[in-house]
Every structure is written in structure tokens, then in C-alpha cells.
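Dear colleague,

Please find below the structure that I am passing on to you, with its sequence.

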Amino acid sequence: MPDKTSEILKVENLSKGFEGHTALENVSFSVREGEIVGIIGRSGAGKTTLLRCLNGAEVPDSGSVLVEGQDLNELKEKDLLALRQRIGLVFQGFNLLQSRTVTGNISLALEILGVHKKERPHRIQKLIKLVGLEGHELKYPAQLSGGQKQRVGIARALAGSPAILLCDEATSALDPEATASILALLEKINREVGVTIILITHEMDVIRRLAHRVLVLDQGAIAEDISTEALARGQARHALTKSFINDDPVSLPDHVLPLMTNGATPGTVAVLRLGSSRGDLSSALLADLYRIFGVTAVILQADIHGKSPERRDTLVLSLSCNHEQAIQWLSQNVEEVEVIGYASSDL
């Protein structure tokens, strides 16, 4: 971890509620410059609300968020907009303009920031090199893989030279190979550029592989704040943290396991794990998948409990074909979607 001691972000007694529901309650923590911090929690724990408070998109009911010593809640609109440029955002769904090339999508961020037209080509090329997209400058999003799209998203988030990079479930819709490459890229950016990174995720494996520290969010409160080194030594104290660590890998039928691979190869299709506590993993979801995209699904494993905040429903399924738009659609309509590997299309 970078040897930095100054606080770049400080959250003090942050609380936020919506229509009688408490989303965050007295949340306090700080992040040091150059640190990579993971924030993990089950669905409904308050992760999205916290992220929106961290970048000034949501005003808390009480408490404060200080970025580089400035309280977001006390700034005038012009100063708040300037400070928010110091915070880059990487989204789960990429949020790219389909009508613009890689260069065009990155250029849009620079246009919004007011970067002079003559300066943009140099800045764009520098960002493209940083995220490893040389040779893809003139491609449109439809011509890119999921991992490449996320690289464009990261380049766009870095366009304003932010001090903090907020990553909102940035790898949850990617296959294992793409996930590994994006995590390696984020580590490189942290190491070479010195950007502080905050990861919002529900995947403990992402935390283990990248973060220096993890905050466990439970029902709007910080249940545990622990370094990943201490986590690896088995020093977690809270039951929720232990449950994340001890979550069993997906149990697949014996005839499927020998056919699984980490990367897509000819004749293989994506195997997805869907998770939800809303009771919405139903036949209607799979019917919509077929109606909209013509993609059928084979259910390999099902663990259904109905609508319950304590227990999540889980479906493991394989798709009839590798359809990236279908996977993105699932990511937008299901709480948790993870590509766990690839298997023969003959399943």
C-alpha cells in the first residue's frame, strides 16, 4: 500500500433516510491518500446511497463528507461542481454512448470538463495508452468486449485527473478473465497515477484481490473496518464479515464441473449466477430474456426462498448463446449478476 498518511476523504456521522426508511445511520470512516478501500454489503445495506453521498449527488440528512478537507454540504454549487471533478465514477453498466467511438466517448468527458479542443487529442491518447486500448480508438461500443468497454469507462472517469476513483460494482457483469484484467488495471492506476480507489461491491473475491482495507456495511451502518491482511489471517470479528468470507463457491452438478472454463472459447456459453432478496428470480424473468433477446436459459442450480432480507435466492444458469446485451439487461434487472465461467453449449 502507498506510504501516505494524509486523509483524502473523511465521513463523519453520516445519516440518510427515505420515506421513513433509514438507508445510512451514523456512518463514520476515513480514507488515506493512495489507499484502495473496498465497501461490501448485501443488497439493501446502503452501498448505493453511500456512494451517492460520497460524490455529492445525494445530500445527507445529517453528518458530513469531506473531500480534500472540503465539506461537500457547505460548498456553493459552482465550488461543488469543481470538487466533484476530483471524483471519478466507474459504473457497472459502462454508460457509453453507442453513437461515439472509443475516442469520442473519452472526448465527451473532456468536452464536459471544458478542456480546449487542441489539447484533447493528446489527453485522449494518453488515457487510451494507460488503459491498454491502443488500436481500438475508432471502434464503437458494439464492437468491444465487456472488459474493453469497462476500460473505456475507466479512461473516461480519469479524464479530469481525479484524486478519487469510485467504482460501483465495476466488475460484477464481467467474466472471470475480464474481471482479473480490470482489477489489474485498477491496481496499475493506483500504483502509477496515485489515484485513491473506493470499490463498492458485493464480491469478497474482488476485495481480497485488490483492496488494502474493507468496510463491511450492514443495514446502513459500518459493521467492521478491517485490513485485508487481517482478513486473510482470520481476524474478522463480525458475523456478516465471516459470512462473506465463508460463502461457499457455487455448487454445480457433477456433469457440469469438468466442462467449465474461465474464458470464452469456441462452442462455450456464459454460466451466470443470479442473486436476489426481492423474490424476483422467477420464470417471468427467463421468459422476458427470451422475448427480448431470443436467448434461452438452462437452470443448473436453484436455491429459492422467496422474498426474504435474511436469505437470498440464487439461480445458476447457462445461456443458449453469448449475448452481451442480454447479460447487461440481466445486470440492470437483477440485484446480483456474476459471470462465473463458461461451459459447453451442449449442456
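Predicted model: local features only at pLDDT ≥ 70, side-chain atom pairs only at ≥ 80, totals over all residues.

Strand E3 and its partners

Strand E3 covers residues 36-40. 5 of the 5 residues of E3 are buried, so the strand is largely enclosed by the rest of the structure. Ile-36, Gly-38 and Ile-40 point one way from E3, while Val-37 and Ile-39 point the other way, and all are buried.

E3 pairs with two strands described here. With strand E8 (residues 196-201) E3 runs parallel, and 5 bridges join them. The pairing of E3 with E9 is also in the parallel sense, over 4 bridges. Individual residues show how these strands are set against one another. Ile-40 has Thr-201 as its bridge partner in E8, and Ile-40 also stands opposite Val-216 in E9.

Strands E9 and E10

Strand E9 spans residues 213-218, and because 5 of its 6 residues are buried, E9 too is largely enclosed by the rest of the structure. E9 pairs with E10 in the antiparallel sense, over 6 bridges. Within that pairing, Leu-217 has Ile-222 in E10 as its bridge partner. The two strands form a hairpin with 2 residues between them, where Gln-219 takes a positive phi near 50°.

A buried glutamate

Which strand holds Glu-224? Glu-224 is found in E10, which covers residues 221-227. Glu-224 is buried, yet has no salt bridge. The nearest side chain of opposite charge is that of Arg-237, 4.1 Å away; the cut-off for a salt bridge is 4 Å between a side-chain nitrogen of Lys or Arg and a carboxyl oxygen of Asp or Glu.

The side chain of Glu-224 does have polar partners. One of its polar atoms lies 2.8 Å from the backbone nitrogen of Arg-237. The side chain of Thr-241 makes a polar contact with the side chain of Glu-224, at 2.7 Å. Leaving aside neighbours within four places in sequence, the residues in contact with Glu-224 are Val-214, Leu-215, Val-216, Gln-235, Ala-236, Arg-237, His-238 and Thr-241.

The nonpolar cores

The largest nonpolar core has 49 residues. Those that touch the most other members are Ile-106, Ile-154, Leu-158, Leu-165, Cys-167, Leu-186 and Leu-199. Helix H6 (residues 176-193) gives the largest share of this core, with 6 residues. A second, separate core holds 28 residues, including Leu-14, Phe-29, Leu-54 and Leu-83.

What surrounds Cys-167, leaving aside its neighbours within four places in sequence? Cys-167 is in contact with Val-90, Leu-186, Ile-197, Ile-198, Leu-199 and Ile-200.

A glycine in a loop

Gly-93 is found in the loop between strand E6 (87-90) and helix H3 (102-113). Its relative accessibility is 34%, so Gly-93 counts as partly exposed. Gly-93 and Ala-221 are 128 residues apart in sequence, and their C-alpha atoms are 26 Å apart in space.

Salt bridges

How many salt bridges does the structure hold? The structure holds 14. Some of them are described here.

The side chains of Arg-209 and Asp-205 meet in a salt bridge, at 2.9 Å from N to O. Both residues lie in helix H7 (residues 204-210), 4 residues apart, which is about one turn of the helix. Arg-209 counts as partly exposed, at 40% relative accessibility, and Asp-205 is likewise partly exposed, at 39%.

Glu-12 and Lys-10 are joined through their side chains in a salt bridge of 3.4 Å, N to O. Glu-12 is partly exposed, with a relative accessible area of 32%, and Lys-10 is partly exposed at 31%.

Arg-191 forms a salt bridge with Glu-192, in which the closest N and O atoms are 4.0 Å apart. Arg-191 and Glu-192 are both exposed.

Finally, Lys-16, Arg-52, Glu-58 and Asp-61 are linked in a network of salt bridges.

With kind regards

Technical notes. Residues numbered from 1 in each chain as written. Heavy atoms only, no water. Core = buried A, V, L, I, M, F, W, Y, C linked by side-chain atoms within 4.5 Å. Buried < 20%, exposed > 50% of the residue type's maximum accessible area, 1.4 Å probe, protein only. Contact = heavy atoms within 4.5 Å. Lys, Arg positive; Asp, Glu negative; His and termini not counted. Polar contact = N/O pair within 3.5 Å; in protein donor to acceptor, adjacent residues only side chain to side chain. Pairing = 2+ DSSP bridges.
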